Amino acid sequence: MILMLEMAFRNAGKTFYLVPLRALASEKYEEFKLFHGARKPNGGSLKVSISTGDYDSTASNLENKDIVIATYEKCDSIIRHRPSWLSAVSLIVLDEIHLLDSVDRGPTLEMLTTWLKRVASGVQFLALSATVENCNELAGWLDATPVVSEWRPIPLREGVFLDYVITYPNGKMIEVTREFGEPYLDLASQALREGGQALFFTETRRSAVALSKKLTPVTWLSLSSAERRKLAEISSAINLSAERTKLSEVLSSVIARGSAFHHAGLHHDHRATVERFFKKGLIKVITATPTLAAGVNLPARIVAITSLRRYDHVLGSEQIPVMEYKQMAGRAGRPKYDKVGDAIVFASSASDAQYLMETYINSSPEPIVSKLGSAQSIAAHVLATTVGGMAHDKKNLHEVFSSTFLAKQRGYTNLKLKVEAALDYLAKEGALKWTNGGFVETSLGRRIAELYIDPSTAFHFRDCMNMKPREYTPISILHMITSSSDITPMLYTRSSDMALVEDFISEHEGELYLTSKAENRLIQDEVKTLIALWFWIEERSEEEISEMTGAQQGDLYRLDESAVWLIYSSSELAVFFGHKELLPQLRELEMRVRHGVGRELLELVGLKGIGRIRARNLYENGFTSIQALRRGDVSALARVPSIGTKLAMKIKETVGGKLKAKDLKAARRDEVQTTLEDFNREAE
DNA sequence: CTTATCCATTTTTAGACAGCATGTC
DNA sequence: CTAAAAATGGATAAG
């Protein structure tokens with residue numbers, strides 16, 4: 001921050017702060033925002049901006065900014081648009097550089113860094129990480145000087161818990177008081193007695209939820225009556241801020257007792273609530289999946305790691321890497337509050353304890369290894385390199401790829417073959433064309449790179465548009481989307497879902513793409529993901545969808561987000577593929593998915609109204625139930641946290657009812673009141 | 001006759017980046 | 001070096 005601010009004040013150039021998560025970007029942005037508008041010596045004012053997929057997106061907005069905070073992918077995308085100010089960049093901070101090791105996102109970071117090194121010559125790089133073992137090697141690649149510091153604001157102790165005794169690497173042992181007779185409860189209790197908070201990491205979402213319930217007796221006893229009152233309010237607010245589901249009800253009930261769970265199935269507002277009130281000290285214990293290991297900064301007095309295994313659909317049950325363990329352990333110790341942070345792992349036997357001590361506590365994280373070689377698509381990076389203007393002939397292209405971290409670690413021979421193959425593939429499919437002496441991207445290729453989709457996804461769209469199923473319906477379009485490699489999260493078909501999926505397939509056989517011979521195609525997963533999206537645009541309740549498919553609120557929102565992006569992309573590409581006639585269908589479907597607004601609702605409100613009243617607000621404000629809307633159900637409206645005047649007017653017109661603002665307020669008040677009472681009673 | 005308990009078997013399993021343009025609070 | 005925990009379903013005991 002000091003370096004960036006110094007450069008900004010000196011007008012020494014534009015600086016970037018790059019992070020792997022949107023949440024981290026907004027956290028960092030909040031810190032930098034304090035300096036936004038500060039007067040510079042030359043009279044101008046300092047300008048700070050954030051750029052991630054869910055914030056502003058046009059590169060021109062960044063032209064006169066001094067400090068830009070962005071995700072890696074966003075920065076990558078910006079480069080592809082070749083903004084004029086790129087040469088004005090003077091410093092790039094790469095936070096959490098160890099992400100280079102990640103299979104799905106590491107290659108993007110690696111290519112991004114490689115380009116930046118070339119494009120912006122003379123740019124200073126500052127790469128940061130708490131868990132890099134081979135930092136000399138990494139520094140060598142970046143042409144940087146390694147700076148190692150063991151300093152932590154709060155010292156960290158790592159220990160193993162076995163039979164109520166915590167053993168530390170130096171042989172020191174501490175006994176934990178038996179109070180509840182359950183290790184997890186007693187450990188949490190110890191943290192709370194010292195006025196601290198505890199963070200438990202679990203292997204699965206389900207066990208995070210189960211453990212947070214189990215911990216409520218401990219947290220409840222530690223609460224003052226003032227805290228209990230505040231928590232009751234927070235707890236009832238949970239059920240008002242988003243659609244109610246079984247999961248949100250459980251969250252609401254544990255929060256009332258000072259405990260909470262945190263995982264990616266939660267609604268993002270609920271995640272934010274949990275983070276916020278843990279930071280404020282009201283929520284005493286969080287049980288979390290790895291969401292919090294790399295996510296926002298949420299330190300705790302004690303970090304308890306309940307499992308060091310993880311199940312993988314391909315590999316089965318696996319030990320997690322030391323790097324991940326260190327990331328979790330590093331969350332222990334709150335600056336300003338704790339004297340020391342404790343990270344505790346649980347052992348099942350004496351030999352297990354010894355194993356954990358050797359393998360995790362006394363081990364360094366694994367060295368960072370480039371994953372560019374296993375990138376699912378080198379083609380995407382070759383195309384982006386071309387579109388970004390970094391290479392228009394083989395010589396330059398090989399220069400770029402031979403300066404990657406992979407080439408440094410493993411040599412360039414293998415990668416060279418892959419790059420050549422990617423070039424041929426892109427040319428064959430029409431994203432690039434040969435020129436004398438080199439190659440250049442086609443307008444299609446440029447659009448693919450700008451839309452930020454994998455080239456294979458684009459070609460898949462083309463094939464799907466050329467070979468339509470017997471009956472071409474919205475379901476066909478959704479299937480095209482869910483069978484592309486860019487859809488996330490792809491839902492997994494459990495054995496209990498088989499009936500649902502098979503029924504759907506036989507019912508919609510004529511509308512689906514079932515003939516493709518691509519190997520390893522997981523038709524069932526594609527269809528199951530399609531079903532979740534279909535239910536979503538049919539306005540089924542979030543609870544119903546998660547009941548039927550197992551996809552929870554958070555999953556649904558992310559699925560929706562990626563589906564919107566892909567449908568938009570397919571409509572942009574339809575023109576290139578000579579399928580202009582599909583545009584109306586694609587546009588309509590995009591709108592239905594984007595806003596979660598069903599056909600019936602579109603008809604009710606009138607399609608023209610969508611332009612004026614943003615349908616997304618209908619959705620976000622809780623109008624997912626058409627039935628409720630039709631009968632003007634006041635109690636459904638009570639779940640709406642805020643209704644715009646225009647929107648309320650429109651609803652009034654539409655339902656023809658007599659809803660008034662004060663009815664809404666009264667209804668909402670009642671609901672808040674009853675939930676509050678319920679929780680207090682239950683808690684007692 | 002209903003409910004509780006026990007036991008063996010079956011089922012399930014983390015996370016999250018990206019486009020673009022405009023209305024709403 | 002190693003999978004573990006919850007859900008399910010059926011049988012039997014208790015109320």
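This is a predicted model: local features need pLDDT of at least 70, side-chain atom pairs count only at pLDDT 80 or more; totals for chains, interfaces and linings use all residues.
Leaving aside residues up to four places away in sequence, its contacts are Met465, Asn466, Lys468 and Ala574.

Gly437 is located between strand S16 (432–435) and strand S17 (438–441). With a relative accessible area of 74%, Gly437 is exposed, because exposed means over 50%. Its C-alpha atom is separated by 26 Å from that of Gly411, a residue 26 positions away along the chain.

With these two residues in mind, the whole chain can be considered. Chain A contains 33 helices and 17 strands. It has 684 residues, of which 55% count as buried. Its accessible surface comes to about 30,800 Å², and carbon and sulfur atoms make up 52% of that area. Among the contacts in chain A with a separation of 6 or more, 71% involve residues 24 or more positions apart.

One sheet of the model is open and built from 5 strands, arranged in the order S2-S3-S1-S4-S5 with parallel pairing. At its edges stand S2 and strand S5 (124–127); each has a single partner strand, so one side of each is left without a neighbour in the sheet. On average, neighbouring strands here are turned by 15° against each other, direction ignored. Helix H1 (residues 2–9) lies across strand S1 (14–19), S3, strand S4 (89–94) and S5, and runs at about 165° to S4.

S2 runs parallel to strand S3 (residues 67–71), and 4 bridges join the two. Within this pairing, Ser49 stands opposite Val68, and Ala70 is the bridge partner of Ser51.

How many of the residues of H3 are buried? The count is 9 of the 9, so the helix is largely enclosed by the rest of the structure. Just after the helix, Arg82 adopts a positive phi of about 45°.

A further open sheet has 8 strands in the order S8-S7-S6-S15-S12-S9-S11-S10, and its pairing is mixed. Its edge strands, strand S8 (173–175) and strand S10 (259–262), each pair on one side only. Neighbouring strands of this sheet are turned by 25° against each other on average, direction ignored. One of its pairings joins strand S6 (residues 156–162) to strand S15 (residues 341–346), which run parallel and share 6 bridges. Here Gly159 stands opposite Ile344 of S15. Helix H7 (residues 205–214) lies across strand S9 (198–201), S10 and strand S11 (285–288), and its direction is at about 175° to that of S10.

Which residues surround DNA strand C? They are Arg206, Arg309, Tyr311, Ser317, Gln319, Asp352 and Tyr355. The elements giving two or more residues to the surface near DNA strand C are strand S13 (309–312), strand S14 (316–319) and helix H14 (350–361). Among the atoms of DNA strand C within 4 Å of the protein, 36% belong to sugar or phosphate, and the rest belong to bases. Ser317 provides a specific example: an N or O atom in its side chain is 3.2 Å from a sugar or linking oxygen of DNA strand C.

Methods: Residues are numbered from 1 along each chain as its sequence is written. Chains are lettered from A and ligands numbered from 1 in the order in which they are written. Side-chain values use heavy atoms; hydrogens and water are left out. Buried means under 20% relative accessible area, exposed over 50%, partly exposed in between (1.4 Å probe, protein chains only). Contact means heavy atoms within 4.5 Å. Accessible areas come from the Shrake-Rupley method with a 1.4 Å probe; for residues, only the protein chains shown count as cover. Two strands pair if DSSP finds at least two bridges between them. Axes are lines fitted to C-alpha atoms, for helices over the stretch in contact, and angles run from 0 to 180 degrees between N-to-C directions. A residue is near a molecule or strand if one of its heavy atoms lies within 4 Å of it. A polar contact is a pair of N or O atoms within 3.5 Å; within protein, one must be able to donate a hydrogen and the other to accept it, and residues adjacent in sequence count only if both atoms are side-chain atoms.
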